Structure formats: structure tokens, C-alpha cells
Amino acid sequence: SGFAAQAFRDIRELKPEAMAQRAQEFCRMNRDPRPITLGRYDVLLEPEAVAELVEWLSYIGFGAKQFDERTSFLTGRMGDPLMHPRMTIYDDGADPRGLAMPFDFEGVPKRRVDLIQQGKAAGVVYDSAYARLHHTRSTGHAPAYDEHEGPLALNLFLTAGDAPRQDLLRRMERGLWVTRFHYVNGLLNTQEGLMTGLTRDGTFLVKRGKVAGAVKNLRFTQSILKAFSNILAVSREQERVADPAQGFSAVVAPALLIKNFTFTGQTK
């Protein structure tokens, strides 16, 4: 199988032929996948894979409800280094590079909120109820469907790096190139950002900067805080990755080159 996706507010910006070619190329590369020894590998994560992990970080840690209940990895750590200094994550519902929506589902204008600033814990998002509890203002992050979820960051951005995207693959001496994840479970240990999930639609062994072949889909079990602390390079190109489970929700993400990402299982 292969995969490609695009998300735009204006249908005239879609490039379906390029998208189809990308999916077909991954499909061709993904023939005859082989098993591989489990363990730690350097990984190149495509923006779709990065976005899946960041959406889970948002769900378990970037809201005032999780912060209050002390299940968030940010609780008690504001100002502490949690990730690599190259990692800056923020939420901005007014930035047109995402799927901009200027107000939340209570009608409150959205404000930019820095969540991780140069690797350090920086903030959480609020709706009206949690803003009252904390004697502050809502940041415009009331949820769409279930008020019991608490405020959610739905317009997420990861700051771009300085590495051309094509160079990330060339930098790998031996590792894995992951197109995307699915069946991710981010609830294993929310205070440490421990998650598990499967690769999907193309996982490739890389040797000395070149693809050596496809490997069978793998299960990872990894603290994403630690993974995002082990950054080797960040691409300067970013992609808007829409979340089909939420309206007006997207992550604008670069590709990431990460060392020592842990894989614990694989498909038969």
C-alpha cells in the first residue's frame, strides 16, 4: 500500500495528480516487505507521522483539564526542558497556514498559545470554564463535541528547521523511514508521553542514505518526550496535515530525523 494526502481551504490548490504519483511511488517501494530485528533505530518521520504524535500530545497534555488533573506531562514542569531546543510547538487558530478558524465553539476569539518553547514547557490552552477556575482568560479552545474533554489545541504548529527535506534521508547511516502511523494509543503513561502504535503504508530500511528495501509494519513503544528530545534534524519544509476526526483541525509539521526510536513488535 501507499499513501498521500493534501488539505487546503481552497479546492483550486489541490494537486491530485502529484498526490496520486506520491501514493503510487510509496506503493511500488513497499513491495515484498521483510522482517527486521526489533530494537532502537534512527527514524525519519514524514509530516503525517509527526502530526499523529503531536495530536496525541495535544489530547493528553496541552489542555488545562489534563494539567489540572495532573495527568499532563506539563504538570509541575512549566519552564523545564522536556524536548530538544529545536522543538517549538504552538497553537494558533488565526494562522492561515493551518485550517484557520478565528473563534472556538463558545464564540471566543482564538489566541496563539506557546505550548513548548525551544524545548521547554511553556503553556496550556483554556476554555471559559477552566479559565474561571484559574482566574485567567479563555484562549479560545472550547471543544467542539464533548465539554467533558476540556479545552483542546486543534490548530498546532511545529517550527520548521533548516535542513532540506531530501537531505534527511541522506544523513541516515542506518535507520527506518516511516511514512505514517495508525492505531496509536497515547494513554500508556500520559505523564511521560509514552505511546504505542503501528507503522502504515510504507516503512523502509535505510542504509548509508539510501533505501535498502521495505520492512514489515512495526509496533513502536516510545516516550514521545524522549523521542522529541533526540532530534537530529528538522526539515525546513512543512506540510499541513488535517485531522479527519476533528473539524477545522490540523497540524503544520516538518519532517523529523530522530535517533534511538524504539520498536517492540512487527506484523507477521
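Two residues are in contact when heavy atoms of theirs lie within 4.5 Å. The exercises below apply this and related terms to a predicted model.

**Exercise 1. The chain as a whole**

Describe the fold of the protein chain by its contacts, its secondary structure and its dimensions, and state why its radius of gyration agrees with that of a compact globule.

*Solution.* Begin with the contacts that have a separation of 6 or more, of which 72% join residues 24 or more positions apart in the protein chain. Next, take the secondary structure, which comes to 6 helices and 11 strands. For the dimensions, the C-alpha trace spans about 55 × 45 × 35 Å along its principal axes. The radius of gyration of the protein chain is 18 Å, and because a compact globule with 268 residues would have a value near 18 Å, the two agree. Finally, 52% of the 268 residues count as buried.

**Exercise 2. The largest pocket**

Determine the volume of the largest pocket, and work out which element gives the most to its lining.

*Solution.* Rolling a probe the size of a water molecule over the atoms shows where empty space is left. For the largest pocket, the volume is about 850 Å³. The lining of this pocket is made up of 35 residues, and those closest to the centre are Glu55, Val241, Ala242, Asp243 and Pro244. Turning to the secondary structure, at least two lining residues come from each of α1 (16-29), α2 (47-61), β6 (174-189) and β10 (231-242). It is α2 that gives the most, with 7 residues. Sorted by class, the lining has 20 nonpolar, 10 charged and 5 polar residues.

**Exercise 3. Aspartate 114**

Locate aspartate 114 in the secondary structure, classify its accessibility, and identify the residues that it touches.

*Solution.* Aspartate 114 belongs to strand β3, which covers residues 113-117. Setting aside residues up to four places away in sequence, aspartate 114 touches Ile89, Tyr90, Ala122 and Gly123. Its side chain also makes a polar contact, at 3.0 Å, with the side chain of arginine 112. As for lysine 15, which is 99 residues apart from aspartate 114 along the chain, the C-alpha atoms of the two are separated by 32 Å.

**Exercise 4. Threonine 75**

Decide whether threonine 75 is buried or exposed, and name its contacts beyond its neighbours within four places in sequence.

*Solution.* Threonine 75 is placed in the loop between α3 (64-68) and β2 (89-91). The relative accessible area of threonine 75 is 12%, so this residue is buried, the cut-off being under 20%. Apart from neighbours within four places in sequence, threonine 75 is in contact with Gln66, Phe67 and Arg70.

**Exercise 5. Two residues with positive phi**

Examine the backbone angle phi of histidine 135 and of arginine 208, then find the loop that holds each residue.

*Solution.* As background, most residues other than glycine have a negative phi. Histidine 135, although not a glycine, has a positive phi of about 55 degrees. This histidine 135 lies in the loop between α4 (128-133) and β5 (155-158), and because its relative accessibility is 75%, histidine 135 counts as exposed. Arginine 208, which is not a glycine either, has a positive phi of about 50 degrees. The loop that holds arginine 208 runs between β7 (194-207) and β8 (210-214), and with a relative accessible area of 64% arginine 208 is exposed.

Definitions and conventions. Residues are numbered from 1 along each chain as its sequence is written. This is a predicted model: local features need pLDDT of at least 70, side-chain atom pairs count only at pLDDT 80 or more; totals for chains, interfaces and linings use all residues. Side-chain values use heavy atoms; hydrogens and water are left out. Helices (H or I, at least four residues) and strands (E, at least two) are DSSP runs, numbered from the N terminus. Buried means under 20% relative accessible area, exposed over 50%, partly exposed in between (1.4 Å probe, protein chains only). A polar contact is a pair of N or O atoms within 3.5 Å; within protein, one must be able to donate a hydrogen and the other to accept it, and residues adjacent in sequence count only if both atoms are side-chain atoms. On a 1 Å grid over the protein atoms alone, a cavity is a set of points where a 1.4 Å probe fits but cannot get out, and a pocket is an open set with protein on both sides within 12 Å along at least five of seven lines; lining residues have an atom within 4 Å of a point. Grid points are joined across faces, edges and corners, and a volume is the space filled by probe spheres set on the points. Ala, Val, Leu, Ile, Met, Phe, Trp, Tyr, Cys and Pro count as nonpolar, Asp, Glu, Lys and Arg as charged, and the others, Gly among them, as polar. The radius of gyration is taken over C-alpha atoms; the globule rule is 2.2 Å times the number of residues to the power 0.38.
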